[in-house]
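Welcome! Take a moment to look over the sequence and the model below, and then we can walk through its side-chain contacts together.

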Amino acid sequence: MKKDRWNISSASSVPLESGARVAVVGGGPAGSFFGYLLLEYADRVGIDLSVTTFEPRNFAGIGPASCNMCGGIISESLVQVLASVGINLPSGVVQRGIDSYVLHMDVGSVRIETPLREMRIGAVHRASGPRDLKVARWASFDGFLENLAVVRGATVVRDKVTELHLDGDRPRIVAGGRPPQAFDLVAVASGINAATLKVTGVEFQAPKTTKTLIREYFLGEETINRHLGTSMHVFLLPVPGLEFGAIIPKGDYVSVCLLGNDLDKAAYDSFIGAEQVRACMPAGWDPQKNSCQCAPRINVLGAPQPYAQRVVFIGDSGSTRLYKDGIGAAYRTANAAARAAVFHGVGKEDFETYYRPACERIEKDNAIGRFMFGMTGYVHKSATLRRALLDMTRSEQRRAGERRRMSAVLWDLFTGSSSYRQILARTFHPAFWGRLGYNIVRSSVTARRA
């Protein structure tokens, strides 16, 4: 017997009925989360859906052809959210637990422990590993999520979708060179780095992007333990266009990730040539001999309208977090879209009312993030500010029981464990500015005496 639907939609809504055919374009995190959650919610209200995910890549493979081009950090907040819905990351997927990060600047370095000293941040590979992988010791994170959706009832088709068009009352997609197929709902989760998807008949403007750089290096687990340990290493260095760089340990490999504004090879060479970066790596490390490399584009401004009649754009295709926690944003947008579709409907007005707010929250928070990263420009320009920030953080890490206000701000800024709004709110406390002001004065006096 069917359960009552939670239908509080307006008269103009388009309900998703039993027997409906749903296509998911892209089997990465956003697509897999959507398929899994859509089927979960549909089961709750007694709707029988057919969900087909179109994903040409085999995430169990190695190298660029199987990879989703991402730094591969799972924030502690996302780990908790996934656990709350019954998704627990197995040890075979998480290559290394991150229990701290080390902030490096030209004026020194400081190790910042994870809040509550819990190892809840995971480093993962999006495929099974870089292209020179010799022994597959860990599973693909994306493959794990895709399998969750399959176990829940989704079907994966290894075809590439080349065209989406809204013709009449149903969207149609072209995949694998076959004739167009009609669906009752299409969720686009193909990201912004896949080959161009031709979209017609839908009012859609793609997100604005910028280019970043990622390199993978084989060092071996023993070498990584000795030089990097279980810390993510973050660098605030005066490289043009660079917001920050990171070295992330993952099993036998490390990922070097640069985030900023249209970074190029010159920026990467400047970064890896910095003594702070060289000091973290083993002697004889050759940065030109990488195992894998990519220059993925990342969103800096989401799609103005990530939905249409029976069509919804999720994850990077719609809206995502600025510079961090893209996998977390994939979950949030997929969840909001799935709830809207099942509990309200798949019409344009349904997504306008029940999906758009989730994207707007992300974009409003990103605006705060842009302001905060803009402030790091002043840190780049002022040695006094850099020393004050370093001294304040060091002092917090040395003293047991002290409120680690600067440490918490930096931790969440680089790991994605909190929203930008929450991070900014922490800086409003008078004690934060009092302590920072004290360290600025102290740093200025020390500089004059030197």
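## A buried aromatic pair

Tyr-101 counts as buried, because its relative accessibility is 0%. Please keep in mind that this is a predicted model. The count of aromatic pairs comes to 15. In one of them, Tyr-101 and Phe-414 sit edge-to-face, with 5.8 Å from centre to centre and 85° between the planes. This pair links distant parts of the chain, as Tyr-101 belongs to strand S5 and Phe-414 to helix H11 (residues 405–415), 313 residues apart. Phe-414 has a relative accessibility of 6%, so Phe-414 counts as buried too.

Both rings also belong to a cluster, in which ring pairs link Tyr-101, Phe-244, Tyr-323, Phe-373, Trp-411, Phe-414 and Tyr-420.

## A pair between two strands

Phe-218 and Tyr-253 form another edge-to-face aromatic pair, at 5.3 Å centre to centre and 75° between the planes. Phe-218 is part of strand S15 (residues 213–218) and Tyr-253 is part of strand S18 (residues 253–260), so the contact ties together parts that are 35 residues apart in sequence. Tyr-253 is buried, with a relative accessible area of 3%, whereas Phe-218 is partly exposed at 41%.

## Salt bridges

The structure holds 23 salt bridges. One of them joins the side chains of Asp-106 and Arg-386, at 2.7 Å from N to O. Asp-106 is in the loop between S5 and S6, while Arg-386 is in helix H10 (residues 383–398), so this bridge ties together parts that are 280 residues apart in sequence. Arg-386 is buried at 10% relative accessibility, and Asp-106 is partly exposed at 39%.

Arg-111 and Asp-99 also meet in a salt bridge, at 3.8 Å from N to O. Arg-111 lies in strand S6 (residues 108–113) and Asp-99 in the loop between strands S4 (96–98) and S5 (100–105), so the parts they tie together are 12 residues apart in sequence. Elsewhere, a network of salt bridges links Glu-40, Asp-43, Arg-44 and Arg-152.

Which residues make the nonpolar surface patch of about 340 Å²? Phe-371, Met-375 and Tyr-378 do. Tyr-378 is found in helix H9 (residues 356–381), and Tyr-378 counts as exposed because its relative accessibility is 51%.

Key:
Residues are numbered from 1 along each chain as its sequence is written. This is a predicted model: local features need pLDDT of at least 70, side-chain atom pairs count only at pLDDT 80 or more; totals for chains, interfaces and linings use all residues. Side-chain values use heavy atoms; hydrogens and water are left out. A salt bridge is a side-chain nitrogen of Lys or Arg within 4 Å of a carboxyl oxygen of Asp or Glu. Helices (H or I, at least four residues) and strands (E, at least two) are DSSP runs, numbered from the N terminus. Buried means under 20% relative accessible area, exposed over 50%, partly exposed in between (1.4 Å probe, protein chains only). Patches are made of residues with over 30% relative accessible area and no salt bridge: like charges are joined within 9 Å, nonpolar side chains (Val, Leu, Ile, Met, Phe, Trp, Tyr) within 5 Å. Accessible areas come from the Shrake-Rupley method with a 1.4 Å probe; for residues, only the protein chains shown count as cover. Rings of Phe, Tyr and Trp (its six-membered ring) pair if their centres lie within 6.5 Å; planes under 30 degrees apart count as stacked, over 60 as edge-to-face and the rest as tilted.
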